[in-house]
Amino acid sequence: MNIIPLINADLLVSYSISASEKCISEQTLISAHDSFFEITNSFSDGLILCKNNHEIYHANNQVGIFFPGHDGIRTYPQNLEDFLSKILLNNCTSHNYESLLEKLNSGGINELPVEFLIVTDLGYHLAFRQRLTQNGERVILIIDETREQLLIEQLDDAFQQAMKLSEAKTQFMAAMGHEIRTPLNAIIGLLDLIVQEKAFCQNLNIKTVHRSAHQLLMLLNNVLDFTKFNAGKAQLELAPANLRAVCENIIAGLAIKARESDIHLVLLIDPRIPSILIFDELRLSQVLNNLLNNALKFNTRKPGRVQLSITLNEPVSEQDACLHVEVSDNGIGISPQEQAKIFEQFTQASNHTHQQFGGTGLGLNISQSICHLMGSKLEVRSELAQGSVFYFNARFAFTDAHTESYPQLVTHKRLTLISNNQAFVDALNVYQPYLNFDVLFLNPPFPESDHHADMIFLDLDALTTQARHQFLQDHEQEKNIVLLDNGLAEPRLKQYLTFSFTPVRLATLNEMLLRYDDLIIQHSKQEEIKHKGLDLSSLEVLIVEDNPDNIFVMRQQLQSLNVYATYCEEPNQAIKLFKNQFFDVVITDYQMPNLNGAELTEQLRKIERQQLREPAPIALLTADKTELSHSACERAGIDYIFIKPFMMEELKGFLEEIQASLANACFISDEGESDVLFSELVHEELGQNAEPEPSHAVFEKTSKNFDLNAIFQFVGDVETTELQVFIRQYVINLAERGTQLAHSLHNHNFKEIHKIAHTIKSSALYIGATRLNLMAQELECLAGKMDSGNILEEDIDDLCQQMIDEIDDLVGHLKTQGY
């Protein structure tokens, strides 16, 4: 083809083509056009081409195959909307064709791609895809996805069938697990009893059967859990539980196994961790049991050491605590190459490990899966021949009212404990940063002049027969000897206290040390008390008080009077004690968790009636001067009411009155006499203003907001070290209450504000914090009347903030003085 360029006067270029050549060019274009249509007719997908005025100028043969029965499919030009309306209406009765057309038109208007899926009456699964060209023409591609859809349906059917089979397998495994566990539990239970009998405890055959039965149960549990995790059925069941109690029970269950392997099994639970947390007790126990069993199994050192430690990973927040949980041992260790695969299912560190120690390789995999459910990850660090540490970090939520796991041991001095059992010493030494005692290892445990012992924890098995006899003979009358119980035999010497140390149960140890401390003080002050008046040492007193500061003051007061008392921080604990023990007098707080003082008294009086006991005098300590609370106390059968704070002379006079009445065999049992005592005390304390009203006082700042000498008004003489221990603990408690008050203020929890103010009110006077006491009185009154509608929320907010600032200042001043 010859194309001749032409230039006009304006220097514009045009081109000239001869007529014959133009004819040839048009024929070429027509031929190319027909070839294009023939090619599109061979497509397996439908194609519709439309001009920018919505007129169709081509639809390939596949469109007619998808939508048969429409004669006008090749009649052009025709309107796109009319064409699609007819084919959709006739072939897609299950769809709303108007909505499909609306989608195509909206795409044309908005110049956006359009895609949707339809199913024709013939069973075709067709994907409509519309695109616009640069000049506004439409290209509609109709893709046949019938085969893909059929494959998807087949896959879905196969998946559903597989799910049914998996469900059936899970149900079968659960049923079989139950059927196998039932006889297996009976076998294990009987074997547990048999191995404790003297006739069989050394029988190797029975020990082998016993150990094999436990291994079989563990294997069964692992297989069932593996099945559950693989099926995605495992989930956590969260509930409040005592973390320390759970761990102590786990350690106790492994104590015999550890002793037989000559391994020291040690437990450390950070005392700052709240006692009640929200977690899945069963699943956490499963992880810890697996890690501890592995540590015992793979530890061939003599003596070995395995320790379970749970510590705070970061400061406790208002909602939860992040805990670091680890199990460490000094066993065989794991190489870096083996560490990379030990968490895989059915995998152990090496074939040699499997041959030597056995196992399925499921335990760590299941433990890892449980950690994942807890939002954590189980990790390991280890060196060959040095031991291993398995650990994870996890968050544990609090309950609404969480308390510290273990209060500081408050004794009149730092105690020195001596033992001839190294494992016991190791178990206690981990708590030395937190508790008020030192532990020394001496064997034989005969304290020399430079080793004074407050208490001796004696392991008889570590002594020769002659040394054992000589030691017990020399110390027969001493009350500071405790026999260590390893759990393998009944205590042989009933006149001595016994203590099981695997694990060390801190609550039991704390109670034992406090009792010993009371005995020391009681003995040292006995002569001093005798010449001052009545001997009160024979009184059995029950104290029910939930505030640790008040407990400290009451303990000091009673010790100075040579009175031994039993202390309960929770009313239900007091009820259990009262059922099984007689008390000469009960002194109880009014506001306590679960039951108040009046409700507790009702329960105690009910026990007395059921057991046909003489009613014991019950005294109530309260800061609540309302007539309503005193009426409740009177109805409950309370004999005495004292308004806090309870001064030393007041307590002494009250107990001397009780002792005198007991000496004359004259109990306060007559109902009328009790009412007179109650009435006189109540009206004397209440005066004319039984219903306190908010004073709206302005609390001016002063240079000094406390006076530590005030404590002596309550407890009399007290040693300096003892006072320091109390004030340090008081500072910790006060700071915690300030934090709780700020949290309650943020949440507008006026009921909790009322409770906190009541707690602070009386204890503030112990350190002479009179302004804090007045603030607490005012805040308690305001928060208590919030429901009446007469108190402005802003007044409570302002006073709360003042009180929080006052607490911060007070804590800061005390800390600068070394507390």
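This is a predicted model: local features need pLDDT of at least 70, side-chain atom pairs count only at pLDDT 80 or more; totals for chains, interfaces and linings use all residues.
Two strands count as paired here if DSSP finds at least two bridges between them.

Let me start with β23 and β24. Strand β23 covers residues 585-589, and β24 covers residues 618-622. They run parallel, joined by 4 bridges. Look for D589: it stands opposite L621 in β24.

Now zoom out. Those two strands belong to an open sheet of 5 strands. The order is β22-β21-β23-β24-β25, with parallel pairing. Which strands are at the edges? They are β22, at 564-568, and β25, at 640-643, and each pairs on one side only. From one strand to the next, the twist averages 20°. There is a helix here too. Helix α16, residues 571-580, lies across β21, β22 and β23. Its direction is at about 160° to β21.

Next, β19. Which residues point which way? I481, L483 and D485 point one way, V482 and L484 the other, and all are buried.

What does β19 pair with? Strand β18, residues 455-458, is one partner, in the parallel sense over 3 bridges. There, F457 has V482 as its bridge partner. Strand β20, residues 497-500, is another, also parallel, with 4 bridges. In that pairing D485 stands opposite S500.

F457 comes up again in the core. The largest nonpolar core has 74 residues, and those with the most contacts inside it are L308, F457 and F499. Take L308. Beyond its neighbours within four places in sequence, L308 is in contact with residues including C247, I251, V266, L288, V325 and E326. Another core lies apart from the largest one. As a general point, nonpolar side chains in soluble globular proteins tend to be buried together.

Last stop, the hairpins. Strands β6, residues 114-119, and β7, residues 125-132, run antiparallel with 6 bridges. F116 stands opposite F128 in β7. The two strands form a hairpin with 5 residues between them, and G123 in the turn has a positive phi of about 95°.

Then β7 pairs onward with β8, residues 138-144, antiparallel over 7 bridges. L126 has D144 in β8 as its bridge partner. This hairpin has 5 residues between its strands, and G136 in the turn has a positive phi of about 90°.

Notes
Residues are numbered from 1 along each chain as its sequence is written. Side-chain values use heavy atoms; hydrogens and water are left out. Axes are lines fitted to C-alpha atoms, for helices over the stretch in contact, and angles run from 0 to 180 degrees between N-to-C directions. Contact means heavy atoms within 4.5 Å. A nonpolar core is a set of buried Ala, Val, Leu, Ile, Met, Phe, Trp, Tyr and Cys residues joined through side-chain atoms within 4.5 Å. Buried means under 20% relative accessible area, exposed over 50%, partly exposed in between (1.4 Å probe, protein chains only).
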